[in-house]
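I opened the file today and kept notes as I went. Here is what I looked up, entry by entry.

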Amino acid sequence: MHDVVNLAVIVAYLVAIAVIGLKLSGRQRSATDYFTGERSLPWWAVMFSIVATETSTLTVISVPGVAYGGSFSYVELAVGYLVGRILVSFVLLPLYFRGGFVSAYQYLGERFGRHTQGLASLTFLVTRLLAEGVRLFAGAIPIKLLLAEFGLDVNYFVIVLAITAVTVAYTYVGGIKAVVWTDFLQMGLYLLGAVICVVVLSVQVGGGGWAAAWDAGKLTVFDFSKPILTSPYAFVTAIVGGALLTMGSHGSDQLIAQRVLSCRSLSDGRKAMIGSAVAIGVQFALFSLVGALLWARNGGAPLASLGLTSDQVFGEFILRDLPMGLSGLLVAGILAATMGSLSSALNSLSTSTIADIVQSWAGWRPGEQTMLKVARWMTGVWALVMVAFASLFTTTDDPVVELGLSIASYTYGALLGAFLLGLVVRRADGVAAFVAFVATLLGVGWAALGISIDGQALAFPWFVPLGVVITFVVGGLISLVRPRREPTPEPEPVAVG
């Protein structure tokens, strides 16, 4: 009976979110409406959509595990995120709104030409496919475990296909409006699940459990003892590296930039961007608290002694120890995180394909209605590609999972570096930007795979600063030896179609 109720809750959620997404999406009259929602969305909805977009299943599952074995490290990282998003709001967002863009990479096209724009878009498409394919697979894991309780051995392909089908149902028709509003609802669901877990665990551990977690340092935010270059949670790494990492992810990644471009004005875009950093900090604190209370509930027992990994401890609690119905609600919350990032990815992949590849690179500019049809078809095509990629995984121990999740950090340096090169080095041209972009991808890739410090890999927040440095060095040197050219004029507004 327990599992039947949980499964019923999950099915009800899937049906409800598809219906709500279709109802809230409105009617798209053009490709621009499909991509930017007529630039009419309220900033607070976009803010929550940003948070839901950057929150994957692995975030929901992993943050409690990190807190169980450590402390409130993720909250420290959120401070760096806040610094970075303030810089994005005042340095990069004015470029996008002034240009009337639907893709962040249209600025690179105006500044450096279509080759650099196409390369940046292609880099985004590949890295987003890798990262979101892995996230989609991870979202299927708790569903497979729950179905196993019924004695049903359903393979991952079927589960992945079902999740994608529901997500595509509202993303295909509703565009960015459906994505933003369903993101808002889905974020509320998984945060509600986290609050419920905190309440349940607090009742179980009592005041003594809270005191034990405090005394053990589980609630400590800032860590000044960890090595700066190899630990992502060292104070300097979290603040400086985290700031530049979020500048890359939220300033030069179409996945996030498209959310902000659906706001009514630059002022609203800034509110959404900066507010998302505060919201993500609260979210990190909430899930970290779940991990600290799980530690207290287990009497501080090491995960190895429980036969669990850091990514399993929260999922085990959800499936085994929550009251009837609440387990289903929490699994639905995990699905919400998966579908929120998936719908955002599908819409942004379609946008970048149309604006950066079809229009700017290929030069094909049909009418609005034709472009709207193409945009929807591209959403469907990317959904099929995502399912195919996610289905390549067969176990949670596949090392490609870690590569897929970290590869975005390798490319953000090149993307952010290209934007900053265009802003700072006025004599840099398309050749300098293109060569610097390629050199940065190769250089950061080598550093990520080849640099070892005392047997430890370089911490991922440093990949973006390293990439920006490489871009400026290579692009700056090439600009010095090439003939001086006139500064590029301010871009004119660009519309899709």
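**Entry 1: tryptophan 210**

I started at tryptophan 210, which lies in helix H9. I am reading a predicted model here. Is tryptophan 210 buried, partly exposed or exposed? I found 33% relative accessibility for tryptophan 210, so it counts as partly exposed. The cut-offs I applied are under 20% for buried and over 50% for exposed.

Next I listed what tryptophan 210 touches. Leaving out residues up to four places away in sequence, I got Ser202, Val205, Leu289 and Leu293. I followed up leucine 289, which sits 79 residues from tryptophan 210 along the chain. Their C-alpha atoms are separated by 9.8 Å.

**Entry 2: two residues of helix H12**

I moved on to helix H12, which covers residues 266–297.

Which residues does glycine 269 contact, leaving aside its neighbours within four places in sequence? I noted Leu93, Phe97, Val260 and Cys263. For leucine 93 I also took the spacing: 176 residues from glycine 269 in sequence, 7.6 Å in space, C-alpha to C-alpha.

Valine 278 came out at 49% relative accessibility. The cut-off for exposed is over 50%, so valine 278 counts as partly exposed.

**Entry 3: aspartate 253**

Where does aspartate 253 sit? I located it in the loop between helix H10 (235–251) and helix H11 (254–260). Its relative accessible area is 2%, so I logged aspartate 253 as buried.

I then looked for its partners beyond four places in sequence. Aspartate 253 touches Tyr105, Phe124, Arg128, Gly248 and Tyr412. I also took the spacing to serine 121. Aspartate 253 and serine 121 are 132 residues apart in sequence and 9.3 Å apart, C-alpha to C-alpha.

**Entry 4: the second largest pocket**

I turned to the second largest pocket. Its space comes to about 200 Å³. I counted 13 lining residues. Nearest the centre of this pocket are Leu14, Ile143, Leu147, Ile159 and Ala162.

Which helices each supply at least two residues of this lining? I found helix H1 (2–24), helix H8 (114–148) and helix H9 (156–215). H9 gives the most, with five residues. H9 is also the helix that holds tryptophan 210 from my opening entry.

I sorted the lining by class. It has 13 nonpolar residues, no polar ones and no charged ones.

**Entry 5: the whole chain**

I stepped back to the protein chain. Its secondary structure comes to 18 helices and two strands. Of its 497 residues, 61% count as buried.

I checked how far contacts reach along the sequence. Among contacts between residues at least 6 apart, 87% join residues at least 24 apart.

**Entry 6: confidence**

The mean pLDDT of the protein chain is 79, and 86% of its residues reach 70 or more. Where is confidence lowest, and where highest? It is lowest in helix H2 (residues 31–36), with a mean of 61. It is highest in H12, at 92.

Over residues 398–402 the pLDDT stays under 50, and the model has five contacts for them beyond four places in sequence. Residues 487–497 also have a pLDDT below 50. In the model this second stretch has 31 contacts beyond near neighbours in sequence.

Note on methods
Residues are numbered from 1 along each chain as its sequence is written. This is a predicted model: local features need pLDDT of at least 70, side-chain atom pairs count only at pLDDT 80 or more; totals for chains, interfaces and linings use all residues. Side-chain values use heavy atoms; hydrogens and water are left out. Helices (H or I, at least four residues) and strands (E, at least two) are DSSP runs, numbered from the N terminus. Contact means heavy atoms within 4.5 Å. Buried means under 20% relative accessible area, exposed over 50%, partly exposed in between (1.4 Å probe, protein chains only). pLDDT is the predictor's confidence in each residue, from 0 to 100. On a 1 Å grid over the protein atoms alone, a cavity is a set of points where a 1.4 Å probe fits but cannot get out, and a pocket is an open set with protein on both sides within 12 Å along at least five of seven lines; lining residues have an atom within 4 Å of a point. Grid points are joined across faces, edges and corners, and a volume is the space filled by probe spheres set on the points. Ala, Val, Leu, Ile, Met, Phe, Trp, Tyr, Cys and Pro count as nonpolar, Asp, Glu, Lys and Arg as charged, and the others, Gly among them, as polar.
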